[in-house]
Amino acid sequence: MKSVYWDKNTIISMPECLNQQIVFNGRVWSFDYCRRLGPLWLKKNGSERRCQNPKKAVWEAFQQWLIEHELNTN
């Protein structure tokens, strides 16, 4: 997670990778990525998805994204 200092008393934390996408079975899965917390899955309009636990195959595609972007933490 990237930290930005707003002033001397306030720290704002934000994901390292914003508006990322993977395509699985013709469906686009959008997310913001934070190394510490993992992906935050998003709807088409950019708001958070209610369900943050997609199917196993989507996680496998996400793992491939991590490898391609050299962000794998394993």
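A: Let me begin with a definition: on a 1 Å grid over the protein atoms alone, a pocket is an open set of points where a 1.4 Å probe fits, with protein on both sides within 12 Å along at least five of seven lines, and its lining residues have an atom within 4 Å of a point. This is a predicted model, in which local features need pLDDT of at least 70 and side-chain atom pairs count only at pLDDT 80 or more, while totals for chains, interfaces and linings use all residues. Residues are numbered from 1 along each chain as its sequence is written, and side-chain values use heavy atoms, with hydrogens and water left out.

Q: OK, which residues line the largest pocket?

A: The lining of the largest pocket consists of Q21, R27, V28, W29, S30, L42, K43, K44 and R49. The space in this pocket is about 150 Å³, where grid points are joined across faces, edges and corners and the volume is the space filled by probe spheres set on the points.

Q: And what classes does the lining of the largest pocket have?

A: The lining has 4 charged, 3 nonpolar and 2 polar residues. Here Asp, Glu, Lys and Arg count as charged, Ala, Val, Leu, Ile, Met, Phe, Trp, Tyr, Cys and Pro as nonpolar, and the others, Gly among them, as polar.

Q: Which strand gives the most to that lining?

A: That is strand 4, residues 27–34, which contributes 4 residues. Strands (E, at least two residues) and helices (H or I, at least four) are DSSP runs, numbered from the N terminus.

Q: How many helices and strands does the protein have?

A: There are 5 strands and 1 helix, and from the N terminus on they come in the order β-β-β-β-β-α.

Q: Switching topic, what is in the largest nonpolar core?

A: A nonpolar core is a set of buried Ala, Val, Leu, Ile, Met, Phe, Trp, Tyr and Cys residues joined through side-chain atoms within 4.5 Å, and buried means under 20% relative accessible area, with exposed over 50% and partly exposed in between (1.4 Å probe, protein chains only). The largest one has 12 residues, namely C17, I22, W29, F31, Y33, W41, V58, A61, F62, W65, L66 and L71. At least two residues of this core come from each of strand 3 (17–24), strand 4 and helix 1 (56–68), and helix 1 gives the most, with 5 residues.

Q: What does F31 touch?

A: If residues up to four places away in sequence are not counted, F31 touches C17, L18, N19, Q20, Q21, I22, P39, L40, W41, L42, F62 and W65, where contact means heavy atoms within 4.5 Å.

Q: Is S30 buried or exposed?

A: S30, which lies in strand 4, counts as buried because its relative accessibility is 17%. Leaving out residues up to four places away in sequence, S30 touches Q20, Q21, L40, W41 and L42. S30 and L42 are 12 residues apart in sequence, and their C-alpha atoms are 5.3 Å apart in space.

Q: How many disulfides are there?

A: A search of the whole structure finds 0 disulfides, a disulfide being a pair of cysteine sulfur atoms within 2.5 Å. For C34, the nearest cysteine sulfur is that of C17, 9.6 Å away.

Q: Why does C51 count as partly exposed?

A: C51 counts as partly exposed because its relative accessibility is 43%, whereas C34 counts as buried because its value is 4%.

Q: Last one: where is N25 found?

A: N25 is in the loop between strand 3 and strand 4, and it counts as exposed because its relative accessibility is 70%. N25 also has a positive phi of about 50°, although it is not a glycine.
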